[in-house]
Amino acid sequence: MGKIYKYSSFNLRIKLDELSCLLYNTSSGILVKIKNRKLDNILRHLENGYQNINNQLLSQLIENNFIIDNKVDEYKKIVERYLDFKKNQRRLELYVILTMECNFDCPYCFQTREKHSIDNLLANSIIKLVKENVKKFKIKETIIHWFGGEPLLHKDIISKISSSLKDVLTHSILHTNGYAMDSQFINSLEVLKIKQIRVTLDGPKSIHDKRRKLKGGKGTYEKIKSNLSSIVNSNNNISIIISTNIDKLNIDQYEFLLKDIESFSGKVQLNVNRTFIGNKCEMTELDTFNKSEFNKKSEKLYDQIIDKNLGEFFMPKQLLNICQADNQFSYAIYPNGEVFKCSSCISNPRSKIGFLHDGEIVLNDKEYQKWEGIGFLHDKDCQKCKILPLCLGGCPEHRIFQSSDAGQTKLCYEDNDIETIKNRILFYYKKYIENK
Ligand code: SF4
Ligand code: SF4
C-alpha cells in the first residue's frame, strides 16, 4: 500500500485570476503559480485518500512540501525547529540606550521617561558584561544597537565601548535622527564597526522640517540629507535605512521626497511605517491611517520606491525566533542601568527585568519569568494557525501585558493576519516575478 498524503496546513492559496492562483507554503517559503482546475483536482483526490504518484504536478507539490505524508506532524516540526534554534543560539545582542535626551523636538515622540544619560561607570559595566558573557557562553556573534533619545549626543561613549570591545564586537547598528553625523564621525564608522545606520525622513523638506525639528524650531532636513550623502559617497559599505512615518498629511508629498533623494538610488533602503500619534502630537486619529488603509497605500509607495531603485519589498520571513526579546542573550540597557528584554518596552517601567551592576545583570526573577516561555507554545490558536512559521505567536510584550491587563485569552497579534500576508505575497509576485 502506498503512502497517504495530505495538503500542508501551512499552504496559503492566493487568488491570482479566474484561471490560476499562487500557492505559498509559510513553512518552506516556496511560492508557485498553479492552475485552479489542476489544484482543485488534486485536492479532490487527496480527500479520497489518494495514494499513487503518477501525476507530474502532484510529484512536484510533494517534492516542495505543499503535499506531505499524512503521518507528518507539521506543528511538531515547527516546535522542534524553534526550540533547537533557541537552544543553540549564540548571538549576544545589546540595545544600549545611551540617553533619553534628544536634540530634536518631534511632536509625535513617545518618549516620556526621565532624561537619564549613560555615564562612564555604566559604560564600563557594559564592557565587562559583554566580555564575560562572550567567554562564559561561547558567544559567536556580538551585536550592539546604539539607541536613544539621540545616541549621537554621546559619541564619546560609543567610541569608548566600541574600542574596548573591538576583539569581540561583530558589528553595531546606529539608530539616529541623522543630524549629528559630522565628517569626523563618518570617517570613524569603520573603526566603530557601525555596519548599518537607521534614520527617519518624514517627507521632503517642507514636511520634514515641520515635524522633525531641532529644539528651538530649526529645520533638519538639509543637514541630514547632506550627512547621508557623505556616507553614500564614501564607498564604505554602510547600509542605510531611511524610514518615513506615513499619514494623511504627508502621503501626497512622498513622491517629492523620492525625487529629492534620487541620487541615493541603489544605495539605500527606504521603508514606510504607519504614523502613530504621540503624547505631544497635534495630529488626531483622523489624520492617520488604520491598518488596512495603510497596507493598501503602502503598496503604492513601495511601487514608487522600487521603480526608483531606492529600496526593495520583502517577502514575509520564516522566523527562527520571535524577536530580540526571545533571545536569552539579548537585553536593552536603559541609561540608568535598568535592564529590559526589549528596546520598545523601555517606556513601560513594568517591563523591567533587572539592573546592570558591575558587569552582571541582577535579574528580578519574578519579572524575568514572565518573558520565559511566553509565546505560541501554549496558545491553542497558534497551534492551528496557517501563518505560525511567519509569526511564532507575535510580540511577547503584547502577550504579557494584554493577558494580565485586559484578561484577554486570544492574543493574536493584529499585524499578522492572513489577509495582510496574502496581499504582501501577491504584491511581491506582481512586482518581481510576473512578466519576468
Ligand atoms: S516583538 Fe514585542 S517584545 Fe519583541 S522586540 Fe518587538 S515590541 Fe519587543
Ligand atoms: S499570534 Fe495569531 S497569527 Fe500569530 S501564530 Fe498565533 S494565531 Fe497565528
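Of the contacts in this chain with a separation of 6 or more, 70% are between residues 24 or more positions apart. Keep in mind that this is a predicted model.

On burial: 33% of the 436 residues in the chain are buried.

Secondary structure next. The chain has 15 helices and 15 strands. Along the principal axes, the C-alpha atoms fill a box of roughly 75 × 50 × 45 Å.

Now the domains. The assignment has domain 1 at 5-72, domain 2 at 89-307 and domain 3 at 373-436. Between the C-alpha centres of domain 2 and domain 3 the distance is 26 Å. How many residues of domain 2 are in contact with domain 3? Four, and they meet five residues of domain 3. On the domain 2 side of that contact, two residues are charged, one is polar and one is nonpolar.

Last, the ligand. Which residues are around ligand 1? Going up in number, there are Cys323, Gln324 and Ala325, then Cys342, Ser344 and Cys345, and finally Cys395, Pro396 and Glu397. Sorted by class, that shell has six nonpolar residues, two polar and one charged. Anyone setting the two sites side by side has two charged residues on the domain 2 side facing domain 3, and one charged residue in the shell of ligand 1.

Note on methods
Residues numbered from 1 in each chain as written. Chains lettered and ligands numbered in written order. Predicted model: local features only at pLDDT ≥ 70, side-chain atom pairs only at ≥ 80, totals over all residues. Domains from an automatic or database assignment. Contact = placed C-beta atoms within 7 Å. Nonpolar A, V, L, I, M, F, W, Y, C, P; charged D, E, K, R; others polar. Near = placed C-beta within 6 Å. Helix = DSSP H or I, 4+ residues; strand = E, 2+ residues; numbered from the N terminus. Buried ≥ 20, exposed ≤ 12 C-beta atoms within 10 Å, placed from the backbone.
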